[in-house]
Amino acid sequence: MKLPPPIRPPERLKEAAALADEARLAEALAVLGPGEPSGMSAPAALLAARCLLDRPDPVAALRFATRAAGPGPNPVTRIEALMMIGRIRTGLGQDRLAAETYRAVLALRPEHEEARLLLGRALVDLGWPDLAREALAPLPRPLPGWWRQVEDWAARGIETARREARARLARRTAPLAGDAAGLVRYLIRAGRLAAAAAALRRLPEDGEAAWLGACLAERRAWPEPVAVPPIALAPEAPPALRLEVATWLMQRGEATAAGDVLAASPDALADERVALLRARIMILAGDIDRFERLSSAAPADLPQRSLVPRLRLTALALRGDPAPLGVADLPAEPPAAGDVPLVQYWDREAPPDDVAEVMASWAAAHPGLRRLHFHRATARAYLATHHGDEAAAAFDACPAPAVEADLLRYAVLAREGGLWADADDLCRRSWLGVLAVVPPRGLVVSFSDELPFYAYNAPLVARPGNAVMQRALRMSVRSLLRHKAGARFWVWGTTGPGLVTRLIAADPARVRLMGKALLRHLSTPADRLAYKFDRAADWRPASDSSVRSRAAVSASAG
């Protein structure tokens with residue numbers, strides 16, 4: 001694909017930016033014209049990166065964002081480009097490069113809270129929980145929403161590393177296989193670098209010891225990057241070690257070397273980590289055909305059910321057939337929406353004032369839609385009346401308001417269709433154009449820009465009788481009735497976006513994907529609502545916050 005050249009007249013850049021803001025990405029790229037990032041101004045390269053990321057083409061977007069992040073007179077452009085690079089790097093499994101990127105943002109703007117939070121998450125993923133805790137320390141408390149989990153992950157990571165190191169030290173007289181190398185690993189993770197160096201000297205000189213030495217050298221050198229040495233593992237090295245080394249290489253941007261290390265392992269698709277690493281290497285190589293074959297071949301019974309559907313949804317989005325819904329696909333004068341409703345939920349009858357204001361933005365943008373505004377009592381009554389006693393019992397079993405909202409949205413949209421809006425999403429423009437292009441029994445759903453992609457379960461636009469909403473309702477009811485009170489409930493995967501992703505990946509017929517550009521054009525998250533900073537008012541069950549997964553960021557807030 002040929003893309004933007006140097007932008008000469010400023011008016012052309014303004015025109016392209018206006019088109020991109022209206023989610024007219026193809027038109028914006030056409031205005032920019034064919035070209036390569038090296039010949040572009042930073043603002044033009046950033047604009048092209050935005051369009052490409054939403055297309056979606058994350059690898060091309062990374063090239064253009066890298067050009068925009070170079071030294072220049074406009075720190076705002078540079079910071080925006082760096083944040084984009086960090087997110088793409090994270091999605092590609094390149095956490096070390098992502099951490100360096102967020103540090104570059106903080107060097108330009110030390111008070112940038114999101115960069116600091118994302119840096120903390122990257123350091124946790126790198127296995128450096130002590131550094132993650134240090135990175136998060138300057139932030140004001142309480143931390144907003146789900147970001148509290150990052151601090152919890154860091155604290156638990158330090159505890160785990162210390163406990164595992166002590167266990168291996170206690171077995172020195174009768175060690176288990178792998179204890180000596182494991183001790184080095186956990187001492188590094190616990191930040192006990194001198195002790196790790198002493199333990200490393202007692203290891204036999206082989207490929208694993210060389211790799212652990214590189215891990216220690218890198219940890220000592222942080223935040224400065226160090227050269228990645230060649231890692232030569234013995235042919236008999238176990239697959240688990242090969243995966244660990246390949247993941248380490250990938251985190252540092254060495255995708256080819258990671259692929260070489262992994263190639264000597266069995267094609268263990270039963271291990272989701274292997275499948276994910278292979279998928280990321282294929283995306284970076286632009287090998288979408290092989291990626292599609294991988295996503296189709298991966299067995300549905302991988303240990304964690306979220307990965308395979310995400311790979312399959314990512315294959316659908318990257319293939320772009322059909323292309324993600326954009327403004328150009330919407331009618332200029334949408335017809336009347338008919339009797340479908342605007343549906344919203346808050347667990348109490350009177351939402352807090354700031355939440356009520358956000359919820360009211362949807363009614364203001366859609367004065368012609370019938371409004372169904374539920375709270376706990378009316379939601380249960382609706383489920384009992386229209387879906388029976390089992391659905392009402394499932395509602396009673398919901399462990400948190402986020403789960404109540406999930407169950408209700410599927411119940412209403414499956415029966416009546418309409419537009420579901422979460423209580424923490426602010427409406428910017430009318431969604432009637434989206435409603436107009438939903439086919440009979442169809443569904444429009446937006447998806448993340450975090451690789452591998454997953455489907456959001458809000459906002460949702462559906463016609464009555466949509467199969468995905470019907471199945472989501474049945475599966476949510478079944479899961480809730482089986483759930484034991486007090487047991488951990490995985491909201492994201494059981495009733496939230498993970499469930500919708502799974503169902504769409506299994507049967508994408510009559511589903512249209514909406515890119516982030518159009519989603520941002522129509523609505524935006526309201527991240528500063530007071531309840532998001534109150535742990536006691538968190539809409540998720542406390543046990544769900546212990547799930548350490550990027551995929552566990554539920555869009556369900558109301």
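# A tour by selection

Start by selecting alanine 23, which is buried, with a relative accessible area of 6%. The model on your screen is predicted. Alanine 23 sits in the loop between H1 and helix H2 (25–32). Check its backbone angles. Phi is near 65°, a positive value in a residue that is not glycine.

**Stop 1: helix H1**

Step back into helix H1, residues 10–21. Select arginine 12 and glutamate 15. They form a salt bridge, and their closest N and O atoms are 3.6 Å apart. Count along the helix: the two are three residues apart, so about one helical turn separates them. Arginine 12 is partly exposed, with a relative accessible area of 37%. Glutamate 15 is partly exposed too, at 38%.

Why can such side chains pair? Opposite charges can do so when their charged atoms come close.

**Stop 2: a network**

Now select Arg96, Glu100, Glu218 and Arg252. Salt bridges link these four in a network. How many salt bridges does the count give? It comes to 32.

**Stop 3: the positive patch**

Select Arg133, Arg162, Arg163, Arg166 and Arg192. Together they form a positive surface patch. Which helix gives the most to the positive patch? Helix H9, residues 148–170, does, with three residues. Zoom in on arginine 192. Its loop runs between helix H10 (179–189) and helix H11 (193–201). Arginine 192 counts as exposed, because its relative accessibility is 52% and the cut-off is over 50%.

**Stop 4: two more pairs**

Go to aspartate 179 and arginine 171. Their side chains meet in a salt bridge, 2.8 Å from N to O. Is aspartate 179 buried or exposed? It counts as buried, at 6% relative accessibility. Arginine 171 counts as partly exposed, at 26%.

Next, select aspartate 287 and arginine 290. This salt bridge has its closest N and O atoms 3.8 Å apart. Aspartate 287 counts as partly exposed, at 24% relative accessibility. Arginine 290 is also partly exposed, with a relative accessible area of 43%.

**Stop 5: two cis peptide bonds**

Select tryptophan 222 and proline 223. A cis peptide bond joins them, with omega about 15°. Proline 223 lies in the loop between helix H12 (207–221) and helix H13 (239–251).

Then jump to alanine 458 and proline 459. The peptide bond from alanine 458 to proline 459 is cis, and omega is near -15°. Where is proline 459? Its place is in strand S6, residues 455–462.

**Stop 6: glycine 326**

Select glycine 326, in the loop between helix H17 (307–319) and strand S1 (341–345). It counts as buried, at 12% relative accessibility.

**Stop 7: the cysteines**

Select cysteine 398. It is buried, with a relative accessible area of 10%. Cysteine 427 is buried, and its value is 10%.

**Last stop: arginine 510**

Finish at arginine 510, in the loop between helix H24 (497–506) and strand S7 (511–514). Its phi is positive, about 65°, although it is not a glycine. Arginine 510 counts as partly exposed, at 49% relative accessibility. Compare alanine 23, where the tour began: that residue is buried.

Technical notes. Residues numbered from 1 in each chain as written. Predicted model: local features only at pLDDT ≥ 70, side-chain atom pairs only at ≥ 80, totals over all residues. Heavy atoms only, no water. Buried < 20%, exposed > 50% of the residue type's maximum accessible area, 1.4 Å probe, protein only. Patch = residues over 30% accessible without salt bridge, like charges linked within 9 Å, V, L, I, M, F, W, Y side chains within 5 Å. Areas by Shrake-Rupley, 256 points an atom, 1.4 Å probe, with all protein chains shown as cover. Lys, Arg positive; Asp, Glu negative; His and termini not counted. Charge placed at Lys NZ, Arg CZ, Asp CG, Glu CD. Helix = DSSP H or I, 4+ residues; strand = E, 2+ residues; numbered from the N terminus.
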